[in-house]
Structures are given as structure tokens and as C-alpha cells.
Amino acid sequence: MGRLGFYFDARFCIACNACSIACKDKNALWDGQFFRTIITFEHGVVGFYSASCNHCAKGACVSACPQNAIQVKEDGTVVIDPEDCIGCGACATACPYQVIGINQTRGKAAKCDACADLREKGRKPACVDACLTQCLDFGDLDELAKQYGPGLVRQNAVLPPPSRTEPSLLIHPRNI
């Protein structure tokens, strides 16, 4: 298995928030915290982007953590070890995607782990299963690229250049 990541099809997202609600529910997130959110932007026409941790190969959060509590796993997913996390917020500040939060109750950093527990059972992340228009998917990036065809990109109007962090993300852009 190669590097795992998310696929997002901007042509079909209707900004229903089913993905973010499923994620919030599955992870029992605290008030005001989301691991996945819908971003609305205008770039010629109104577009949507379902934002979450991109499990970057060169994660700014990983290099910013003074405790080495954030690691890139062998499958390419980026995880936080809550035992090692001191809750300093350096990872949240460093992340250019702004997808890491500090749980105010536990005082620890928290973010999407691509539903590692569900994947261990052979299932997809909760956000993928909840997507009403099936515009989200998760899996081996090479396999996703083959499945969803040419024209995939790793950047859109709201994301920084992919060379900065090498996100594990494939986007089918909306034709403008």
C-alpha cells in the first residue's frame, strides 16, 4: 500500500455539511471544534471545499511540535500522540490549513486521523461515508488517481501551494 489520502470532487459538493457533522459526531468533538469544515469561496463562480487535515508528507505541524508528538505513519497519515502532546499549540499555529485545534477540556492538540479506528475495521472515514453526493473518498493516492482519472490537482483557490507541505490530497476541480 502506498500513501493514503483524501479525494475531493469540487464539481459535486453541495455544502450540505454532512461530512463535518458525521466527523463531529464520530469524534465527539467539543463545542466550536470541527475536524472537517466546508469552506465557501468565490473564484469566478462560488465554489466549495471540504477542508480537513491533508496528512501532508512534509507537515508543518510535524516539524513544529517540540515534543515530537505528531508523526507521519508508514501509511502516510499524520497522527498526534496525546500522551506526548503538551498542548502548546505550535502545531496549530504552523498548520497552513488551520485544521488543528486545542481541546480546551483535555489541553491537547487534536485533528483528523482519517478515522484510523474505522479503517482498521476495513471501513472508510465517517466523512466519506456521510457524503450525500459521494464527492469525498479516501484511500491509496495512486489508486484514487486511477479511479478518478486525469485532471486532478492538489490545490484550489483556498489552499497554499502544495510544494510547501506535499498534501495527501487529490481534487477534481470545478470547471469554471
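Leaving aside neighbours within four places in sequence, with which residues is N156 in contact (heavy atoms within 4.5 Å)? The residues are F41, Y49 and I171. The model is predicted, with local features requiring pLDDT of at least 70 and side-chain atom pairs counted only at pLDDT 80 or more, whereas totals for chains, interfaces and linings use all residues. Residues are numbered from 1 along each chain as its sequence is written, and side-chain values use heavy atoms, with hydrogens and water left out.

N156 is placed in the loop between α6 and β9 (169-172); helices (H or I, at least four residues) and strands (E, at least two) are DSSP runs numbered from the N terminus. N156 counts as buried because its relative accessibility is 18%, the limit being under 20% relative accessible area with a 1.4 Å probe and protein chains only. The side chain of N156 reaches the backbone nitrogen of V158 at 2.9 Å, and a polar atom of that side chain lies 3.3 Å from the backbone nitrogen of L159.

Helix α6 spans residues 141-148 and is capped at its N-terminal end by D140, a side-chain oxygen of which lies 2.9 Å from the backbone nitrogen of D142. Just after α6, G149 adopts a positive phi of about 80 degrees.

The lining of the largest pocket (residues with an atom within 4 Å of a point on a 1 Å grid; a pocket is an open set of points where a 1.4 Å probe fits, with protein on both sides within 12 Å along at least five of seven lines) comprises 17 residues, with I80, R106, A110, K111 and D113 nearest the centre. Strands β5 (78-80) and β7 (108-110) each supply at least two lining residues, and β7 gives the most, with three.

Key:
Polar contact = N/O pair within 3.5 Å; in protein donor to acceptor, adjacent residues only side chain to side chain. Buried < 20%, exposed > 50% of the residue type's maximum accessible area, 1.4 Å probe, protein only. Contact = heavy atoms within 4.5 Å.
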